[in-house]
2 protein chains.
Amino acid sequence: MAGVGRKIGVIVSDNPDDVLAKAKANLVLHATSSPLSEVEAQIINCVEAGCNVISIAEVRLAYPWVHNSESGQRIDEAAKKNGVTVLFTGINPGFMMDLVPIMFTGVCASVRKITLWRLLDISPYGSGVLNNLGVGLSVSEFEKGLADGSIGWILPLTCPQIDMIGDAIGWKLDETKRIVKPLTSNKPKKTSYGVEIGAGKVCGVKWSYFGIKGGEALITFDWIHVLHPKEEGLEPEDRCFIEGESDIDLVVKKLDSGVGTYAHAVNAIPQVMQARPGLFTVRELPVAAALP
Amino acid sequence: MAGVGRKIGVIVSDNPDDVLAKAKANLVLHATSSPLSEVEAQIINCVEAGCNVISIAEVRLAYPWVHNSESGQRIDEAAKKNGVTVLFTGINPGFMMDLVPIMFTGVCASVRKITLWRLLDISPYGSGVLNNLGVGLSVSEFEKGLADGSIGWILPLTCPQIDMIGDAIGWKLDETKRIVKPLTSNKPKKTSYGVEIGAGKVCGVKWSYFGIKGGEALITFDWIHVLHPKEEGLEPEDRCFIEGESDIDLVVKKLDSGVGTYAHAVNAIPQVMQARPGLFTVRELPVAAALP
């Protein structure tokens, strides 16, 4: 392996068919690219090699029974045919903004409204992500870039978390909506990777998703990415507020998205190995715990 | 039904055999008394009548594979023989201090230590519970009552939550310990049910459980019941702190234990109806969501 300086028995290869044939693996942890067509083909390739699959790759496949149901169906059929299990998971989707709120509705006698709030510090990200989020642009440049598609294509158009919650608690939502708003900085900022922005420029993005029924937003998910949020008086945290009988007000500090994503995928291995063949969502399997 | 003034088709009876024979129920929601022998016999009676059972009744059966494993085995065998599923659940045990921390270890790459904190306002409780907790006694009367068993018998000696967490994340704990401490009031207090206590008297109890390995408390659960905690500068809340990679700091405000217990039992019905026959713990089934 590169940099280790000795053979450690780990195959590194860009030829998946070769690796799948040699490794005779029980399970593939899949974390590659993002285009749906590519990811679907990769997953089905692993499934046809007889491997169970846990993937963190594709927001759009996290709840395939609403979005991209054809991809979901093809993966489900291939998994059943090959006697293996497929799960898409991570921290979001796959945990904090779908599984956690669903689980906490379970201690409510009734639910009227759910509000989710995720505030992330994006200062550790590289310039690729920051440029795509429009960091450093003026507000008018941001709006123009969003409209012509030159920025913002990593901002998901749909929000599978909202559909998963709605289905879990039996709400038939009429529609989901998205509103994207740039956030501007009070002062000049600099990231650890050297991206500099001036005061008044875009320093983050708030993208809000609404699960609407009868004209009312019953589920709201505010997803806020900010460069050095503490300098803007904002606290990085994940929050889930459920209005119902009784209310739930849950706040999580310190949750690390990077660690959380790979840990949740790895820790789900026993659950996936014990599940029936097919494509599963996190709410259909027992919860994953840290492996020893 | 008493007080309704008309027939609503609900049978109220103190003869369970009679009800079980007439109702031909698929599932029994069991919430009766507490002595283990009585509860076990009641559950097995329901199971032998062909009913799935969800029970909130018995802390000591919440994790029967460590505590009371003989009772657990008898219930498990009877359930399998009769093709039904049994689950003990509620808010605690069954959710906040076992399922929630287990689930949040699932987004950690490693776990070093888990600290749980549950601070409850006991002012809505009746005099039976408050007397048993020693509320209103002096500290020396409390210590004497605890030693001779005249108070404190509702304070669990064991903590199935700790064992369930330990097993879930693969820690082989050496032992669990309990320490009970009375809390005294700064000023006179009165409950809604008319219980009055003087300043300096016992106004609550902190019972702490420790899951110990190699001489170190790896899991600590502080369970604090206080009369009007805000008057003592204490905030009612549930907290779960996980030290690991990465840390998790989770706080839940407003969680209502009464509503949470019955809601979690009712909301688990679909999970129990779909499970294999046998005795299950909450961590073996998919999470329960609010029913529509």
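In strand 11 of chain B, B:L250 is the bridge partner of A:V252. That bridge sits in a pairing of strand 11 (residues 248-253) of chain A with strand 11 of chain B, antiparallel and over five bridges. Two strands are called paired here if DSSP finds at least two bridges between them. Helices (H or I, at least four residues) and strands (E, at least two) are DSSP runs, numbered from the N terminus.

Before I go on, some ground rules. This is a predicted model, where local features need pLDDT of at least 70 and side-chain atom pairs count only at pLDDT 80 or more, while totals for chains, interfaces and linings use all residues. Residues are numbered from 1 along each chain as its sequence is written, chains are lettered from A and ligands numbered from 1 in the order in which they are written, and side-chain values use heavy atoms, with hydrogens and water left out.

Now the interface as a whole. The size of an interface is often given as the accessible area lost when the parts come together. Between chain B and chain A about 3500 Å² is buried, and carbon and sulfur atoms give 67% of it. Buried area means accessible area (1.4 Å probe) that two parts lose on being put together, summed over both. On the chain B side, B:M103, B:V107 and B:V287 lose the most area to chain A, together 18% of what that side buries. Counted by contact (heavy atoms within 4.5 Å), chain B gives 45 residues and chain A gives 45 residues.

What about polar links? The rule finds 15 residue pairs in polar contact across the interface, both residues at pLDDT 80 or more. A polar contact is a pair of N or O atoms within 3.5 Å; within protein, one must be able to donate a hydrogen and the other to accept it, and residues adjacent in sequence count only if both atoms are side-chain atoms. The side of chain B that touches chain A divides into 30 nonpolar, seven polar and eight charged residues. Nonpolar covers Ala, Val, Leu, Ile, Met, Phe, Trp, Tyr, Cys and Pro; charged covers Asp, Glu, Lys and Arg; the others, Gly among them, are polar.

How many salt bridges cross the interface of chain B and chain A? The rule finds two, a salt bridge being a side-chain nitrogen of Lys or Arg within 4 Å of a carboxyl oxygen of Asp or Glu. A:D247 and B:K254 meet in a salt bridge, at 3.9 Å from N to O.

Within chain A, A:E231 forms a salt bridge with A:K189, with the closest N and O atoms 3.1 Å apart. The two are 42 residues apart, A:E231 in the loop between strand 9 (216-226) and strand 10 (237-245), A:K189 in strand 6 (residues 189-190). A:H228 lies in the loop between strand 9 and strand 10 too, and its phi is positive, near 50 degrees.

Last, the backbone. The peptide bond from A:N92 to A:P93 is cis, with omega near 5 degrees. A cis peptide bond also joins B:N92 and B:P93, omega about 5 degrees.
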